[in-house]
Amino acid sequence: LMSRARALAGEIAGKPAHSVRLTKLLLRQARDMGLEGFLDLSAALQAVSHAEPAHHEAVARYIERLRR
């Protein structure tokens, strides 16, 4: 179990820090809101994430892989 937990922690650590922070925020807020509020917040945070330079870089890398 510990080896799987470490592997998962490493995977999360490899993600953009900004995205991880927003995901944690969304999960914390989800405990105290209904589905509609959760979906609204999720959409808003997704828009914020899409504006991040790291997102644009990841999309560019993905498109480049598709072209190969």
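Is glycine 37 buried, partly exposed or exposed? In this predicted model, glycine 37 has a relative accessibility of 30% and therefore counts as partly exposed, since that class lies between the 20% and 50% cut-offs. The residue is placed in helix H3.

**Overall architecture**

The protein contains 4 helices and 0 strands, and its elements follow the order α-α-α-α from the N terminus. Its radius of gyration is 15 Å, well over the 11 Å that the globule rule gives for 68 residues, so the protein is more spread out than a compact globule. The C-alpha trace spans about 45 × 35 × 15 Å along the principal axes. Of the 68 residues, 6% count as buried. The accessible surface amounts to about 5,700 Å², and carbon and sulfur atoms account for 60% of that area.

**The pairing of H2 and H3**

Helix H2 covers residues 17-30 and helix H3 covers residues 35-50; their axes come within 10 Å and cross at roughly 170 degrees. Angles over 145 degrees count as roughly antiparallel, and the two helices are therefore roughly antiparallel to each other. On the H2 side, the contact is formed by His18, Ser19, Leu22, Leu25, Leu26, Gln29 and Ala30. These residues meet Phe38, Leu41, Ser42, Leu45, Val48 and Ser49 of H3. By class, the residues of this contact comprise 8 nonpolar and 5 polar, with no charged residue.

Serine 49, one of the H3 residues in the contact with H2, is buried, because its relative accessible area of 17% falls under the 20% cut-off. Leaving aside residues up to four places away in sequence, serine 49 touches Ser19, Leu22 and His55.

Glycine 34 lies in the loop between H2 and H3. Its relative accessibility is 46%, so glycine 34 counts as partly exposed.

The separations of two residue pairs, taken from C-alpha to C-alpha, are set out below.

| Pair | Separation in sequence | C-alpha distance |
|---|---|---|
| Glycine 37 and arginine 65 | 28 residues | 36 Å |
| Glycine 34 and arginine 21 | 13 residues | 21 Å |

In summary, H2 and H3 form a roughly antiparallel pair, with glycine 34 in the loop between these helices and serine 49 buried in the model.

Key:
Residues numbered from 1 in each chain as written. Predicted model: local features only at pLDDT ≥ 70, side-chain atom pairs only at ≥ 80, totals over all residues. Heavy atoms only, no water. Axes fitted to C-alpha atoms, helices over the stretch in contact; angles between N-to-C directions. Parallel < 35°, antiparallel > 145°, perpendicular 65-115°, else oblique. Contact = heavy atoms within 4.5 Å. Nonpolar A, V, L, I, M, F, W, Y, C, P; charged D, E, K, R; others polar. Buried < 20%, exposed > 50% of the residue type's maximum accessible area, 1.4 Å probe, protein only. Rg over C-alpha atoms; globule rule 2.2 N^0.38 Å. Areas by Shrake-Rupley, 256 points an atom, 1.4 Å probe, with all protein chains shown as cover.
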